[in-house]
Amino acid sequence: MSDPLRRAAGRLRRVAGRVRRGITPGGAPENAPAAAPTPPPPPLPLVGYVVAGGGGAHPASAHVRVVRRTEQLAASGTAEVHQVDPETFVDGSDERPYVAVLVQRDILPVASVAPFLAAAADRGVPVVAEVDDDFFTASGRDRLARAEYDPDRLASIDALVRGADVVVVSTPELADVVRPIARDVVVVANALDPTLWVPEPADSTPDTAAQPDDGGPEHRVLYMGTLTHAADLELLRDVFDDLTAPDGTPIRLEVIGVTEDDGPDWYRRVEVPDGHYPAFARWLVDHRTRWRAGVAPLRDEEFNRAKSDLKFLEYTALGLPAVVSDRPSYRLAGEHGAVLVPDDVAAWRDAVRTAVESGRAPERATRWVTSERTLGADGDAWSRVLLGERHHRPGGTVQHR
């Protein structure tokens, strides 16, 4: 037999052998079972939250403390989030499998707190309460009453905090106030959303001496806050009365929020276009060169000792040096560039002049806020609270910074 014939016969024998063994040329056995399909990934845990407003239109406190954090939690792929309707949660028509539900301060009417807590307990859903002010001491409640918090709102917060599985607060000082009436307390410090508070561009330069519509050049200083700070504003009356820079240029205080009083001539109220917190933050960022410094006075009162350093974070994000009262709220910020000032008018005037001359936030302040006090950079603190990934310290309190 010739070589070509022998080679052909050999190939036929090999093919026949494969057929007998049930193997196709170059493949697996024809009767081998099909590979099992890859199972789908398990569903993400679902976190619910209850806040005022909806559809992205929420009060500033809801955005800062809850909404922006939960959106960041969802964007990270850690969990799904859903704004809960309290009525459908209580009546059972909302059957979503929540792993936890976060409720912000006084969003539930006082008569609805107990039914909500009972419904959550029946479903085995932990309730996390969030509060960011002293709603509990006599002086704190008196201060809030002057800012239009009625007794039912305060009673609602008290009932929620007493019944929740965990209470989240913004400062260690507030944790000390809440701990005697709460089951468990967790401190999650305020942090900025980097998608709103974008870093200052390298070529952004503050106005050397702004030209207002009704007079000569001036340096502007910003103070912004809620109506609970109206009493703190009075600390600045003698500070800004006829205050000038070393070159004689007037230094003018501009106020956003804080007060509804247009009367005094030692500050100017600035009206911000209508819009909720994201629009407000973007407006401030767009107009940051209007000011050369930011101030945050705090009276030495029990209510203020539980306040957070949010104003320092926001001023720094605007590229402004921050001059603040030397209170517990700002002690940590003082280690990172905030100018702490005692209750002395001369010290305040000197500090404001120096800040205005600088016109820029210290680099170490910007670096710290960016690396430590923005959402995501703060170690995903919300996930540790809402998904039960907390590391307890003595006393049941966790510090996240």
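Residues are numbered from 1 along each chain as its sequence is written, and side-chain values use heavy atoms, with hydrogens and water left out. Because the model is predicted, local features need pLDDT of at least 70 and side-chain atom pairs count only at pLDDT 80 or more, whereas totals for chains, interfaces and linings use all residues.

The protein chain contains 16 helices and 13 strands (DSSP runs numbered from the N terminus, H or I over at least four residues for helices and E over at least two for strands). Of its 401 residues, 48% are buried (under 20% relative accessible area, with exposed meaning over 50% and partly exposed in between; 1.4 Å probe, protein chains only). The accessible surface of the chain amounts to about 18,800 Å², and carbon and sulfur atoms account for 52% of this (Shrake-Rupley method with a 1.4 Å probe; for residues, only the protein chains shown count as cover). Among contacts (heavy atoms within 4.5 Å) between residues at least 6 apart in sequence, 72% join residues at least 24 apart.

An open sheet is formed by 6 strands in the order β9-β8-β7-β10-β11-β12, with parallel pairing (two strands pair if DSSP finds at least two bridges between them). Strands β9 (267-269) and β12 (339-341) stand at the edges with a single partner strand each, so one side of each has no neighbour in the sheet. On average, neighbouring strands of this sheet are turned by 30 degrees against each other, direction ignored. Within the sheet, β10 (residues 293-296) and β11 (residues 322-325) pair in the parallel sense over 3 bridges, and A322 in β11 is the bridge partner of G294. Helix α12 (residues 310-317) packs on the sheet, where it touches β7 (219-225), β10 and β11, and its direction makes about 140 degrees with that of β7 (axes are lines fitted to C-alpha atoms, for helices over the stretch in contact, with angles from 0 to 180 degrees between N-to-C directions). Helix α14 (residues 345-358) lies across β7, β8 (251-257), β10, β11 and β12, and runs at about 160 degrees to β11.

Residues up to four places away in sequence aside, F240 touches V221, I251, R252, L253, W266, V295 and V352.

Strand β4 (residues 127-130) runs parallel to β5 and is joined to it by 3 bridges, with V168 as the bridge partner of E130. Strand β6 (residues 185-188) also pairs with β5 in the parallel sense over 3 bridges, and V186 in β6 stands opposite V168. Together with helix α7 (residues 172-178), β5 and β6 make a right-handed β-α-β unit (with the strands pointing away from the viewer, the path from the first strand over the helix to the second runs clockwise).

The loop between β5 and α7 holds S170, which counts as buried because its relative accessibility is 4%. Beyond its neighbours within four places in sequence, S170 is in contact with R65, V131, D132, V187, V188, A189, N190 and S308.
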